[in-house]
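Subject: Structure handover

Hello,

Here is the structure you were expecting. My notes come after it.

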Amino acid sequence: MTDSLAPARDILRRVFGHAEFRGLQAAVITEILAGRSAMAVLPTGGGKSLCYQIPAMLRPGVGLVVSPLIALMADQVEGLKQSGVAAERLDSNHSLDERADVWRRAEQGELDLLYLSPEGLMQGATLDRLRRLPLSLAAIDEAHCVSQWGHDFRPEYRMLGRLAEVFPDVPRLAVTATADARTRDDIRAELRLQDSAEFVDSFARPELALAAERKRGQGHARVEELVLARPGRSGVVYAGSRDGTDKLAERLAAVGVPALAYHAGLDRNLRTERLEKFLEADAAVMVATIAFGMGVDKPDVRFVIHADPPASIEAYWQEIGRAGRDGQPAEGITLYGSADMAWALRRTAGREVSEEVRQVQNRKLRQLYGMLDGVSCRAAAVRRYFGEEGVEPCGVCDLCLAPPESIDATVPAQKALAAVHRLGGRFGRGRLIDHLLGKTKDVHDSEAALSTYGVGKEFSPNAWRDLIDQLLFDGLLKEDANDGRPLIGLGDADGVKGVYRGERRVAVRKQPEGADASTRSGRPRKRTREAMAEFTGDDLVLFEALRAWRRDEAHEQHVPPYVIFGDKTLHDIVRLKPRSPAELLLATGVGDSKLQRYGAAVLKVVKDN
Ligand code: ADP
Ligand code: ZN
């Protein structure tokens with residue numbers, strides 16, 4: 001096995017400038033080089049692309065890569081060209097001449113990699129032309145898009161199952177970062193990979209420090225506070241609606257944050273312009289709906305904040321996974337509320353899907369909120385969700401750092417449930433709390449006469465709000481939308497009975513001292529802060545000089561800075577202070593082609609600083 005991998009390792013070093021394979025890369029590459037199909041589930045930043053890029057370069061013929069988004073392909077192809085790899089993409093937005101040229105090069109055997117959209121690939125004419133070419137492999141990136149159990153189902157991906165018949169002798173590789181066991185089975189069935197090897201790496205992302213907290217109100221003030229505590233860094237803030245992104249971006253811009261809004265409702269050119277600004281900036285905050293996502297591989301995103309919660313654990317992992325792709329410490333912070341959960345459940349209820357699919361979707365939602373509102377390690381909860389066994393606590397999430405104390409609230413819960421029952425589910429939570437506190441304005445005699453009126457004076461309004469949230473998350477209460485004036489009613493009848501009888505206990509999280517949860521994850525973690533200020537004195541001067549050089553170079557070539565060199569490479573250069581090309585080659589991410597392009601310039605920056 002070691003021998004057969006020698007040529008692959010040579011490419012890894014010479015072309016991509018990396019010393020060793022990581023994780024399961026070597027195993028996946030071995031499988032494809034042997035001409036067999038496979039499925040690989042590797043974490044974000046795990047180096048999925050090399051798993052097909054290197055075999056495509058070693059095997060005869062051109063390697064097809066199917067990817068869902070044009071932006072994603074454009075970046076990958078640009079990065080490959082910078083490393084001296086013969087890669088192109090077929091894009092229906094390109095001119096006929098450009099496309100003819102790509103075909104000509106493919107037919108003359110000049111290309112190692114050809115990127116296509118699923119629709120582009122499955123067109124009859126394209127398939128006919130490809131059938132006449134020797135193909136080294138067919139890679140399906142973001143393969144979870146093929147499954148409706150996944151979180152980003154794309155009907156056009158379904159067609160890709162036919163690749164097995166059209167190209168029976170070509171090894172196929174499906175790769176994705178997020179798929180639970182059921183989704184993995186579905187991917188394999190859809191893509192006819194049942195008999196192929198499956199490689200599933202750990203989902204751990206040790207560089208990510210996770211946190212989550214319940215929203216107070218809309219949560220925008222909290223988002224502002226969190227972003228202001230992280231100056232000079234790039235981040236993504238996800239909001240659930242277009243309107244929400246616009247408002248948040250305005251709010252952040254008003255306090256001096258370089259924030260941009262991004263959503264599908266914006267003019268296409270404006271979107272492209274903002275995306276480029278964000279990618280090229282050393283520090284910018286993108287406030288976006290999830291329309292902004294796949295394909296945004298800016299490696300130096302230091303935080304992702306969910307102003308509204310994601311749709312599932314898969315979506316969560318993928319969205320916060322956009323932080324820290326360069327392996328440097330980063331943060332993922334999620335704000336969530338019981339109203340968000342109620343809204344999401346209503347949305348699945350309104351979808352036209354089979355009962356089975358609806359059940360699965362509801363379960364996924366409950367698992368998401370179980371993790372967000374849970375009391376033990378978040379990273380471990382996610383990894384268990386993806387089917388990992390023997391998972392240890394991460395040690396860096398909010399719950400690992402400050403395990404929440406819980407207090408028994410069974411008696412107050414009985415009072416709240418009884419009050420909801422007596423009030424007949426006719427009121428929202430504000431009115432319910434007033435009732436429990438005996439503070440209802442202009443209270444009607446019949447309400448004041450109820451045995452539950454004023455029985456809850458031991459709790460503050462906020463404590464009641466937390467308890468009601470808890471009961472909603474537990475399914476003991478449920479919220480009825482009522483056209484934006486939500487009403488609270490009793491939930492699961494057996495559960496409610498259990499609480500009345502004292503057989504089922506209700507525990508609530510004790511809020512940290514005086515903090516009211518507002519400062520819990522307010523400051524970036526020490527680890528992150530230290531990593532940010534890694535360099536001091538002369539090293540810092542050199543690092544900044546390298547960044548400035550990279551910025552100019554990127555600007556001139558109209559590419560994002562990380563296509564030139566990633567932060568990790570600049571860090572290595574600062575540490576190594578190379579004086580010769582041979583020494584520069586030791587930095588990760590510096591291969592032959594980039595050495596030729598930038599070696600002299602980088603060595604000069606090092607010498608002059
Ligand atoms: P993903 O799995 O998220 O698609 P990529 O393929 O984009 O990940 O790779 C993520 C980063 O890791 C890239 O910057 C890539 O150059 C780097 N990388 C990939 N393989 C290795 C390796 N064996 N050693 C060091 N860095 C690597
Ligand atoms: Zn943890």
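Predicted model: local features only at pLDDT ≥ 70, side-chain atom pairs only at ≥ 80, totals over all residues.

Residues are numbered from 1 along each chain as its sequence is written, chains are lettered from A and ligands numbered from 1 in the order in which they are written, and side-chain values use heavy atoms, leaving out hydrogens and water.

Ligand site

There are 14 residues around ligand 1, and E20, G45, K48, S49 and R325 come nearest; a residue belongs there if one of its heavy atoms lies within 4 Å of the ligand. Three residues of this shell come from helix α3 (residues 48-58), the largest share. Helices here are DSSP runs of H or I with at least four residues, numbered from the N terminus. By class the shell has three nonpolar, seven polar and four charged residues. Ala, Val, Leu, Ile, Met, Phe, Trp, Tyr, Cys and Pro count as nonpolar, Asp, Glu, Lys and Arg as charged, and the others, including Gly, as polar.

- R22, with a polar side-chain atom 2.9 Å from an oxygen atom of ligand 1
- Q25, with a side-chain N or O atom 2.9 Å from a nitrogen atom of ligand 1
- R325, with a side-chain N or O atom 2.8 Å from an oxygen atom of ligand 1

The protein buries 74% of the 570 Å² that ligand 1 exposes when taken alone (Shrake-Rupley method, 1.4 Å probe).

Helix pair

Helix α14 (residues 338-350) packs against helix α15 (residues 355-372) at about 170°, with the axes 10 Å apart. The two are therefore roughly antiparallel, a label for angles over 145 degrees. Axes are lines fitted to C-alpha atoms over the stretch in contact, and angles run from 0 to 180 degrees between N-to-C directions.

R105

R105 sits in helix α5 (residues 96-107). Leaving out residues up to four places away in sequence, R105 touches A86, E88, E110 and L111, with contact meaning heavy atoms within 4.5 Å.

Regards

Notes
Parallel < 35°, antiparallel > 145°, perpendicular 65-115°, else oblique. Polar contact = N/O pair within 3.5 Å; in protein donor to acceptor, adjacent residues only side chain to side chain.
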